[in-house]
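Reader: Before I work with these coordinates, could you show me how to read some of their features, giving the cut-offs as each term comes up?

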Amino acid sequence: MKSWDPRIEEMPKEDLQRMQYKLLKSLVYRLYSFSPFYHDRMKEQKVHPDDIRELSDVKKLPFMFKRDLRDNYPDKIFTSTQEELVRYHVSSGTTGKPTVVGYTQNDLNTWTTSLARALTSLGLGRGDVIQVSYGYGLFTGGLGLHYGAERIGATVIPASVGNTERQIELMQDLGATAIACTPSYLLHMGEVAEKMGVSIKKDTQLRTGVLGAEPWTDRMRTRIEDWLGIKAYDIYGTSELSGPMFCECIEQKGFHIWSDIALAEIIDPQTGEPLESGQKGELTITILQKEALPMIRYRIGDITTMDDDICACGRTHPRIQRIQGRVDDMLIIRGINVFPSQIEYALMAIPEVGQHFQIVVERKGALDDLLVRVELNTGSFSDKINDLMQVRQKVEHRLRNSLNVNVNVELVEPGSLPRFEGKAKRVIDKRSL
Amino acid sequence: MDTQKFVIRQISIFSENRPGRLAAIAHALGEEKINILAFSIAEANGFGVVRALVDHPEKAHDKLLSLGFNVAFTDVIAVRMKDQPGGLYEVAKILGDAGVNIEYSYAYSGKEGAVLILRVDQVEEAIKKIKNSGATLMERSVFH
């Protein structure tokens, strides 16, 4: 499989790390000298740029959090002037005040290069027709993928989200070979297509899905691949890092973090200490090449593991495994950590119920009560109440086994749970703690 | 004996137990000009099963399915009962003596008398025993 930039992507690890060290060093000097925000942060942490003597010294640097961006809304920590900026993106603000990200032309180029490498690594290129069904606009997904896809010479259908029936017509008529969207929107498209009498597997040219912007599971991947007849690849990024940046390569063993663009660490979310390769923790990223909004040790809040072995595809850049949860999405039910992704994973193995679900957490007396609503699949309905009770018990039993907490399950009618075209919001927490 | 003509196709619909669900089902059937001849609701914790005898079961099935409901067909039988004390006993005794189990049942009483609708574990056996006892089984053609 060819690389977009073989010199960088297949560079020996020692050389890569040497390059990272140089980039980190100059970043830290630049910010210490020119950014009041970082200057103060480094002073507080009692660290000086001269203390960065090797790559692992990154751990001496202060962390940065989403709240730092909110507190400095909209652009107080930008290190470029407005005249130097060519674009803004604004995050949805679902978990608080929105955050604004500014880009210089070089920042956009770096972002696009990152995606050009990523899309090439999963086999896309000139001749492909890529339907970009991420939202265009303030959200980074649409425009990010758009420019990345154009850069590799593919033909873009800038479909954005919504108007699903028309999207399916376009997919057929223009012969889309790949789609970039959220996995839940692709599942929704599959359902809508079937209602229209269209089989994505048989009636379209689609063979690749570039799916992200929300957590999903390997089992969901298998389901998408089998049902829709495509290969589904995970894509990762957040607006604070520019947008979607990193993809799985053809090996589907985690997404490559381009080391010349970003320095990834996995840390213990409680203590902030770096963890060994392979241990599960919070992903922390330092963006090594960013002019308008540099990020040092930005704590994204995603829980995952990192694999630094050389990939079978030949790329030397480390891989981050599929995101397994969010530090802030994590529900604590009677003292036990529960991630919505675990529920999704367990439900995938139960054919009687669908893949959509809703979680309702309430406090009943002193105890937390976890209710999971799932849709009874068409075809799994028998007239007998007993059979239905058994389906419910089976789901309750499986969820209890995988989560280690008691779960009540409610069977609901197919199609009755909310579908999401952007980020899925599946948890309703009614506890007033 | 041709027992098949006594087998009636009941439609069963999965429904969440919340306001408006029965109205949604009834509205859909009304729109298609489907008449409901008998019906019942069985309730379990959080959900229910609506069972109905209608004049056009296929049409009802397709309409409800297109609206996203979970729908299934179930074979039931209908027995005419005397609309007087002891009427139900006569029918129940025939089946009980024959070792036929009633899974569920519902009834209606109209101007032509009372009718008991039964879902049983052995349909053929139940039909034969009821016919032999002299009680009246209603034919499928009465309903649809």
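Reader: What should I know about the numbering and the source of the model?

Author: This is a predicted model, in which local features need pLDDT of at least 70 and side-chain atom pairs count only at pLDDT 80 or more, while totals for chains, interfaces and linings use all residues. Residues are numbered from 1 along each chain as its sequence is written, and chains are lettered from A and ligands numbered from 1 in the order in which they are written.

Reader: How do α10(A) and α11(A) pack, and at what angle?

Author: Helices (H or I, at least four residues) and strands (E, at least two) are DSSP runs numbered from the N terminus, and axes are lines fitted to C-alpha atoms, for helices over the stretch in contact, with angles from 0 to 180 degrees between N-to-C directions. Here helix α10 (residues 218–228) and helix α11 (residues 340–348), both of chain A, pack at about 45° with their axes 8 Å apart. The two helices are therefore oblique to each other, given that angles under 35 degrees count as roughly parallel, over 145 as roughly antiparallel, 65 to 115 as roughly perpendicular and the rest as oblique.

Reader: Which residues of α10(A) and α11(A) meet?

Author: Two residues are in contact if their C-beta atoms, placed from the backbone, lie within 7 Å. On that basis A:Arg219, A:Met220 and A:Arg223 in α10(A) meet A:Glu344, A:Tyr345 and A:Met348 in α11(A). The residues of this contact divide into 3 nonpolar, no polar and 3 charged, where Ala, Val, Leu, Ile, Met, Phe, Trp, Tyr, Cys and Pro count as nonpolar, Asp, Glu, Lys and Arg as charged, and the others, Gly among them, as polar.

Reader: Why does A:Thr164 count as buried?

Author: A residue is buried if 20 or more other C-beta atoms lie within 10 Å of its own, exposed if 12 or fewer, and partly exposed in between. A:Thr164, which lies in helix α7 (residues 164–173) of chain A, has 20 C-beta neighbours inside 10 Å and therefore counts as buried. Leaving aside neighbours within four places in sequence, A:Thr164 is in contact with A:His188, A:Met189 and A:Val192.

Reader: Is A:Arg373 buried or exposed?

Author: A:Arg373, in strand β19 (residues 367–376) of chain A, is buried, because 20 other C-beta atoms lie within 10 Å. Not counting residues up to four places away in sequence, A:Arg373 touches A:Phe357, A:Gln358, A:Glu410, A:Val412 and A:Leu417.

Reader: Which residues touch the most other members of the largest nonpolar core?

Author: A nonpolar core is a set of buried Ala, Val, Leu, Ile, Met, Phe, Trp, Tyr and Cys residues joined through C-beta atoms within 7 Å. The largest has 84 residues, of which A:Ala180, A:Cys247 and A:Ile285 touch the most other members. Apart from that core lies another, of 58 residues, among them A:Val372, A:Leu399, B:Val115 and B:Phe143.

Reader: How many helices and strands does chain B have, and how many residues does it give to the contact with chain A?

Author: Chain B has 5 helices and 6 strands, and 31% of its 144 residues count as buried. The contact takes 15 residues from chain B and 15 residues from chain A. On the chain B side, β1(B) gives the most, with 4 residues, and by class that side has 7 nonpolar, 6 polar and 2 charged residues.
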